[in-house]
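Here are my notes on the model, point by point. Please read them with the structure open.

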Amino acid sequence: MPTRYLGLALKNLKRRPVRTALTAAGVGLAVAVAVSLGGFVLGYRQAIDKSIEMLGFQVMIMAKGCPYEAATLMLKGGTGLLYLPSDTYRKVKDDPGIEAITPIFVGIAQKEAGGVRDDASQKTFTVLDGIDVPSFVAMKPWLKFKSGAGYSGGKWFDPASKDEVVLGYELAEYEQRKVGDSYYATVTPFGKTDPVRHEFKVVGVLERTGTQDDGTVFLPIDAARDAFNRPKQLTILGLKLKEFNAANMREFENKWLKLPEVQVVSLQQVKTTLVSLVGTAQTMIAAVAVIAVIVALIGVVNTILMSVYERTGEIGVMKALGARRGDIFELIWLETLMICLLGSIVGSIGAWVGAGLVEKAIKSLADLGVSGSIVRITPGVIGWAISGSLALGFFAGLYPAWRAASMRPVDAIGEGAA
Amino acid sequence: MNTLIEARGLKRYYRRGSETVKALDGVDVSIREGEMVAVLGPSGSGKTTLINLLSCLDAPTEGTLTVAGKSVAGLDEDRLVEVRRGVLGFVFQRFHLLPTLTVTENIELPLTFLGRAPDPKRTQEILAMVGLTDRAAHLPNELSGGQMQRAAIARALMIEPRILVADEPTGNLDKKTGESIFRLFKQLAAKGLAIIITTHNASFGREADRAITLEDGRIVKEERTDAAK
Ligand SMILES: Nc1ncnc2c1ncn2[C@@H]1O[C@H](COP(=O)(O)OP(=O)(O)OP(=O)(O)O)[C@@H](O)[C@H]1O
Ligand SMILES: [Mg+2]
């Protein structure tokens with residue numbers, strides 16, 4: 001709306017800088033909450049999508065239990081593992097609907113105190129993934145070894161070896177391990193009470209993937225089974241169907257649910273579950289945002305109305321000088337929009353700068369089941385927030401602008417005897 | 001000369017609770033081009049009421065009124081503003097400059113309302129006419145009362161009105177400053193502008209072309225002065 005009253009509106013706002021700033025701050029706060037929420041909704045969805053995509057498989061077969069917990073485990077790493085008999089793999093793998101399948105044995109090692117930094121905020125356990133390299137890598141073709149000084153010659157371990165490991169990027173950084181170094185892990189074998197300390201040799205360090213793989217120790221599946229004394233078990237079967245759709249999925253699920261010990265979980269389901277769980281939290285934040293918006297709106301209406309009343313005389317004079325109803329309306333309305341614009345810009349910047357804090361706060365409140373960044377403030381989110389705030393300004397300005405525009409000059413100027 | 005304002009039987013009643021205040025109670029006036037008319041009378045006699053009606057800021061309760069050829073009695077504010085625009089210039093007792101705007105911005109403001117672009121040359125001319133050339137970039141609070149009133153007059157003149165209306169323009173000024181403002185009005189009238197001013201100063205009344213004296217909302221005296229051509 002290019003307008004000749006822009007300068008005048010700006011000067012009017014500058015007249016009461018504190019009041020204008022406070023009102024804009026109210027708008028800013030509301031916008032910051034809204035932007036953070038938007039960034040959270042968006043970022044969380046993307047984080048889940050990415051985590052799931054980076055699993056490499058669409059379907060998991062796992063021991064009966066809480067599918068949410070199981071999924072979280074896969075996406076983020078965690079404890080509370082349940083195991084399947086290892087012959088499940090043999091039974092399932094020849095299903096004609098399957099394009100690819102990989103067995104994974106997940107075990108949890110206690111944190112080895114040899115780490116360089118051991119602050120309390122860090123996990124006190126490490127995830128050991130026993131894998132079958134060829135089928136695992138087929139699922140995750142993006143896995144690459146880190147190169148450069150100390151990392152060169154990185155490769156997968158010999159499937160028969162008992163003491164070779166490949167480290168995820170972050171874990172290697174954190175533990176400051178390079179290729180050729182030793183890696184120690186303390187494991188309590190199934191059925192025993194005394195932990196056993198293992199010394200492994202690092203044969204490769206992976207590049208960053210942005211997923212739970214970054215914090216994982218990979219070793220041959222048989223070595224892992226040995227270490228945990230579960231020679232005939234596995235944790236999870238990751239699967240890709242030849243054609244993934246709802247019908248195939250149902251058919252596949254029905255077929256294999258006949259095995260008494262398993263559940264079949266599609267990651268689509270996992271995603272829906274995670275999204276709906278977090279949806280509750282998001283609704284609460286949305287409620288806060290709505291309240292902030294209402295409060296800000298009242299603040300804006302109040303400020304503009306006050307300034308209209310203060311300037312009654314001026315408005316009357318402008319009308320005497322030839323300003324039409326529409327001119328006054330436009331002026332006051334512009335002032336409202338400018339406050340909202342200012343507030344929304346400040347709020348967006350605030351939210352953008354504070355996104356890290358918001359992320360920490362959210363993560364400390366609830367376990368969201370994904371690793372990686374969950375608050376993503378994109379230009380799109382900011383664009384929506386600013387347009388939303390202008391839309392609110394549009395309405396907030398209507399009443400004060402109408403009041404001002406409807407003043408009669410004689411009453412407003414007030415130079416009569418009255 | 002052309003008649004710019006023609007009022008017949010003009011009445012303006014105010015309701016104050018159950019009682020009716022007859023601020024103006026049947027006034028006939030006509031004002032011609034280039035004529036300077038002073039409205040005199042004691043406080044509360046209806047001067048402001050009359051001048052507000054004649055300048056289309058307010059609507060009469062009764063009577064007929066023609067301003068610049070248009071019949072305006074009974075019009076609402078949205079129509080009255082159309083009559084005022086470009087025809088009437090206003091000067092107020094308390095100046096009423098916008099405090100955030102410089103003198104130049106203040107005097108160019110009415111052009112914005114009329115959708116006209118300011119012409120810097122014209123602005124300069126008018127500033128020179130009111131003697132404010134060296135105050136063009138000042139804010140109102142940096143001016144003396146007399147300077148503020150000159151700025152207000154410049155603002156009124158900017159749109160080249162046919163009628164200038166001033167309600168006690170010298171009321172907030174000292175005697176000497178008031179006289180200089182009054183002389184400025186006389187010069188403007190000499191150039192063909194119709195001017196209506198209200199004043200408590202009887203000597204201004206004698207110097208105008210015509211003086212109308214009100215009492216209790218009625219004209220009690222109307223004199224064509226020696227100053228009339
Ligand atoms: N808005 C109003 N409501 C009610 N009564 C009013 C109003 N405006 C003016 N009056 C009354 O109308 C009468 C005329 O008022 P007006 O302002 O025209 O007087 P005036 O001659 O301009 O006085 P002054 O010299 O003090 O300015 C007064 O009795 C006043 O009280
Ligand atoms: Mg008066």
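1. Start with strand 5 of chain B, where B:Lys70 is the bridge partner of B:Val67. Two bridges join strand 4 (residues 62-67) to strand 5 of chain B, and these strands run antiparallel. Strands here are DSSP runs of E with at least two residues, helices are runs of H or I with at least four residues, and both are numbered from the N terminus. Two strands count as paired if DSSP finds at least two bridges between them.

2. The pair belongs to an open, antiparallel sheet of four strands in chain B, ordered 2-1-4-5. Strand 2 (19-32) and strand 5 (70-71) of chain B are its edge strands, each pairing on one side only. Helix 1 of chain B packs on this sheet and touches strand 1 (3-16), strand 2 and strand 4 of chain B. The direction of helix 1 makes about 125° with that of strand 1 of chain B. Axes are lines fitted to C-alpha atoms, for helices over the stretch in contact; angles run from 0 to 180 degrees between N-to-C directions.

3. A word on the source. This is a predicted model: local features need pLDDT of at least 70, side-chain atom pairs count only at pLDDT 80 or more, and totals for chains, interfaces and linings use all residues. Residues are numbered from 1 along each chain as its sequence is written, chains are lettered from A and ligands numbered from 1 in the order in which they are written, and side-chain values use heavy atoms, with hydrogens and water left out.

4. How confident is the predictor in chain B, by mean pLDDT? The mean pLDDT is 92, and 98% of the residues of chain B reach 70 or more. pLDDT gives the predictor's confidence in each residue, from 0 to 100. Where it is low, the predicted coordinates should not be read in detail. The model scores ipTM 0.93 and pTM 0.77.

5. Chain B has another open sheet, with six strands in the order 6-7-8-3-9-10 and mixed pairing. Strand 6 (88-91) and strand 10 of chain B stand at the edges with a single partner strand each, so one side of each has no neighbour in the sheet. Neighbouring strands of this sheet are turned by 15° against each other on average, direction ignored.

6. Look at strand 9 of chain B next. Five of the six residues of this strand (residues 210-215) are buried, so the rest of the structure largely encloses it. Buried means under 20% relative accessible area, exposed over 50%, and partly exposed in between (1.4 Å probe, protein chains only). Four bridges join strand 9 to strand 3 (residues 36-40) of chain B, and the two run parallel. B:Ala38 has B:Ala211 as its bridge partner, and B:Val39 stands opposite B:Ile212.

7. Strand 9 of chain B also pairs with strand 10 (residues 218-224), antiparallel, through six bridges. B:Leu214 has B:Ile219 as its bridge partner. Two residues lie between the strands of this hairpin, and B:Asp216 takes a positive phi near 50°.

8. Helix 1 (residues 47-54) of chain B lies across strand 3, strand 7 (163-167), strand 8 (194-198) and strand 9 of chain B. Helix 1 runs at about 155° to strand 8 of chain B.

9. Which chains surround ligand 1? Residues from chains A and B do, so the site is shared between chains. Of the 17 residues around the ligand, B:Ser43, B:Gly44, B:Lys47, B:Thr48 and B:Thr49 come nearest. A residue counts as near if one of its heavy atoms lies within 4 Å. A polar side-chain atom of B:Arg16 lies 3.0 Å from a ligand nitrogen atom. A polar side-chain atom of B:Glu168 lies 3.4 Å from a ligand oxygen atom.

10. In chain A, A:Thr235 is found in the loop between strand 9 and strand 10 (236-241). Is A:Thr235 buried or exposed? A:Thr235 is buried, with a relative accessible area of 4%. Its contacts (heavy atoms within 4.5 Å) include A:Ile61, A:Leu82 and A:Phe105, leaving aside neighbours within four places in sequence.

Key. Polar contact = N/O pair within 3.5 Å; in protein donor to acceptor, adjacent residues only side chain to side chain.
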